[in-house]
Amino acid sequence: MQHRTIGDTTVSAVGLGAMPLSIEHRPDEQRAIATVHAALDAGVTLIDTADSYHWHADEVGHNERLVARALARYGGDTSGVLIATKGGRGRPGDGSWTVNGAPEHLKHAAEASAERLGVDAVGLYQLHKPDPAVPWAESVGALRELLDAGTIRAAGISNVTTAQIRQAHAILGAGLVSVQNQYSPAVRDSEPQLRLSTELGLAFLPWSPLGGISRSSLDGPSGPTSMGTTFHRVAAEYGVSPQQVALAWLLARSPVVVPVPGASRPASITDSAHAAKLKLSEVELTQLDHALPS
């Protein structure tokens, strides 16, 4: 397993996006915990969760509690695992997502996340999405207060523009360590944010990194999956999955990239973790750079 850094923490080059274990179409708990354990067995030391990763309205924090139970039941050493969680979004239970970037909400949410995860301080706490009803500086200011209070050890921001990254960096300084935006073979709108993150030395955590290769867990069972792309052709040449090629391509985009592919089965995260060992040629990377899934 390759390794990368998030702030002053070394993590596996590929993380686990734990959201599919708690939202709609989620597996039973036995398989969910087996999926987390498979990730750990494969050398994954970054697990991405959020307080809003749940299905029904009355189960806020479902995914955080699940991850905590999985780690507690693992037979090996988990001291090097970084749990990255997020706050600032909600799920009323009807399938929709809400946003709340009010400072008091974020501070209480972070404290609740730490309690659910069973930690004294959250390793990486990310503002899930800017709230248009709250000035960005005020939401980020709440992260500053959480850092100063020791409730969180490092801060991240998600679903942001380059201007918001710069403003957050000015407020948080070294406390800001990561940016998490959607980025994948099919969705490359965050290229400017990736370049800026590289410039500032911030880890860039693509969410839904297999878009265009695999269905997102939010697409439902009938969502489309692309076939016959350049990613599939390169995968066939190496005898690996297209998902591995997509993740290896992402890792080659910048040394700050740490993909967090979602998984709901042990085999899925095991396959994804193997991408950290896949070395693509410069010619293949150039072909993939110009390839858009059909």
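In this predicted model, Leu 127 has Ile 157 of β9 as its bridge partner. The two strands around this contact point are β8, covering residues 124-127, and β9, covering residues 155-158, and they run in the parallel sense with three bridges between them.

Stepping back from this pair, β8 and β9 belong to an open sheet of seven strands with parallel pairing. Reading across the sheet, the order is β3-β4-β5-β8-β9-β10-β11. The edges are formed by β3 (16-17) and β11 (203-204); each has a single partner strand, so one side of each has no neighbour in the sheet.

Attention now turns to helix α7, which spans residues 230-238 and has Phe 231, His 232, Val 234 and Ala 235 as its buried residues. Viewed down the helix axis, these buried residues fall within an arc of 165°, and therefore they line one face of α7. What does this buried set pack against? The partners are two helices, α8 (242-253) and α10 (282-289).

At its start, Thr 229 places a side-chain oxygen within 3.2 Å of the backbone nitrogen of Phe 231, a residue that is itself among the buried ones of the helix. Beyond the other end, α7 is followed by Gly 239, which has a positive phi, near 70°.

How values were computed:
Residues numbered from 1 in each chain as written. Predicted model: local features only at pLDDT ≥ 70, side-chain atom pairs only at ≥ 80, totals over all residues. Heavy atoms only, no water. Pairing = 2+ DSSP bridges. Helix = DSSP H or I, 4+ residues; strand = E, 2+ residues; numbered from the N terminus. Buried < 20%, exposed > 50% of the residue type's maximum accessible area, 1.4 Å probe, protein only. Arc of directions from axis to C-beta. Contact = heavy atoms within 4.5 Å. Polar contact = N/O pair within 3.5 Å; in protein donor to acceptor, adjacent residues only side chain to side chain.
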